[in-house]
Amino acid sequence: MGAQKVVFFHAAGRDSSSYGELNELEGSLHLTLPTDTASLSSNDDVVKGIAHHPHAILFDIVENVDYHALIDHLEQSFPENTPTMLGFIDDSLEQKPCNMLTTLPLDSYIGHNWEKKRVENKLQSFVKLKKHNQELQDQLKTSTDTALTAMRAASEIGLLMQLVEWLQESSSIDDVANALFRLCNSMELSTYTLILDNNERHYYPEGAVHEAAKKILDEAITTDIRVLSKNRILVFKLEYLVMVVTNAPWEDQEKYGRLRDILLQGAALAEAKARTIAVNNLINSQHDQVNSIMDLIKSVSAETQMYARDIMKNLSDELHIAAMTLDLTEEQEAKLLQLSSEAFDSMEVLYQNSDALELHFHSLISSITAVEALTKNVVTKSEPEPPSDDDVELF
């Protein structure tokens, strides 16, 4: 066997000389088979056998020995590279009860009468087989771990893709919060969320956020910390969103790390959608306000033009009549006619400025309308409509 180490546990009353050539095996250690399995940890022979670090352990097969307890104790003493466990039987197998041999937790058996060379070859084969089996088990464990990791990664990606789909269907801050809660519920997590909408704070679940959770959310939004964890409490803080998890699996570090990564990405997606909705709401509000201002300007402009036209027309007519009827010198008459013409020209300039102001606001409304359309989730095709003042045509 060369460098292979072997431990022989002989039945009581036997010694190494009883086994002929087997006594000459290199690296062998001969010990007495313990019959009292209740005190294996304090048995000198068992302690010596474990300290020998054998590649194989051989046991005399006799009655009234609890081999299950003995072998279980030895295997627990070798958490890595467990030795091959072999039974050592007499020349005649018929002398051993069949049910005793088949129920023992042994890898195989060898006989007392085997030659040294045969035993060495057999032990070498058993050791190689044991090593090969261990390598296969390690490969299987590695492959299994890799497969589980891939499955978990796929599951995590699937959850985030599902969240993206839910967020695409969201049209309000409430919808964004609900999508985030659906993600957390799928991972059996309890959460509270704060979302900022134009500096207005919204707490979710709506009407179910107690004061302690609200205090955490309010304090977190004012800090620079992105992720804060304390046992079961896990806080994610972004610029416009804060999420607090109250039942994080902090004792399972692997699961805890995976969930933290998923939630951080999910919170970032939700915040981006919430910001888009907030911007869109602000644009809609500004669009409505500018429309109201434009309607007011149109109304005022129309009235102003009407009254200004009447006033300037009457003034021009009166000046013209005065120039024709009054006893004026030619120079005075020319002066009045000039004043009438200049008043009419000033009125036309006023009309032009008013038109320019209206065109400016038409352009502003068209620009806001275009931005509003770009921020909407769904773009639908419709039949062409007649052009209006708010339309912008691009070439």
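**Notebook: salt bridges, cores and backbone of a predicted chain**

I began with R275, which is partly exposed, with a relative accessible area of 37%. For this term I noted the limits: buried is under 20% relative accessible area, exposed is over 50%, and partly exposed lies in between (1.4 Å probe, protein chains only). The model is predicted, so I recorded that local features need pLDDT of at least 70, that side-chain atom pairs count only at pLDDT 80 or more, and that totals for chains, interfaces and linings use all residues. Residues are numbered from 1 along each chain as its sequence is written, and side-chain values use heavy atoms, with hydrogens and water left out.

**Entry 1: salt bridges**

I looked up the partner of R275 and found a salt bridge with E239, the closest N and O atoms being 3.8 Å apart. A salt bridge is defined as a side-chain nitrogen of Lys or Arg within 4 Å of a carboxyl oxygen of Asp or Glu. R275 lies in helix α7 and E239 in the loop between β9 and β10, so the pair ties together parts 36 residues apart in sequence. E239 is partly exposed, at 49% relative accessible area.

I then searched the whole structure and found two salt bridges. One of them joins D218 and R201, with the closest N and O atoms 3.0 Å apart. D218 counts as partly exposed at 23% relative accessibility, and R201 does so at 37%.

I next examined D197, in strand β6 (residues 191–197). D197 is buried yet has no salt bridge, and the nearest side chain of opposite charge, R275, is 10 Å away. In this count Lys and Arg are positive and Asp and Glu negative, while His and the chain ends are not counted. Leaving aside neighbours within four places in sequence, D197 is in contact (heavy atoms within 4.5 Å) with I173, H202, A278 and N281.

**Entry 2: nonpolar cores**

Which residues have the most contacts inside the largest nonpolar core? I found I195, L241, M243 and L263, in a core of 31 residues. The elements that give two or more residues to this core are α4 (116–168), α5 (173–186), β9 (233–237), β10 (241–245) and α7 (253–325). Apart from this core lies another, of 20 residues, among them V7, L31, I57 and V65. A nonpolar core is a set of buried Ala, Val, Leu, Ile, Met, Phe, Trp, Tyr and Cys residues joined through side-chain atoms within 4.5 Å.

For L263 I listed the contacts beyond four places in sequence: C184, M187, L189, L234, F236, M243 and V245.

**Entry 3: backbone**

I checked the peptide bond from Y204 to P205, which is cis, with omega near 0°. P205 is in the loop between β7 and α6.

Phi of H53 is near 50°, a positive value in a residue other than glycine. H53 sits in the loop between α1 (44–51) and β3 (56–60) and is exposed, at 52% relative accessible area. Phi of E188 is also positive, near 60°. E188 is in the loop between α5 and β6 and is exposed, at 67%.

**Entry 4: whole chain**

I recorded eight helices and 10 strands. Of the 395 residues, 34% count as buried.

Terms used. Helix = DSSP H or I, 4+ residues; strand = E, 2+ residues; numbered from the N terminus.
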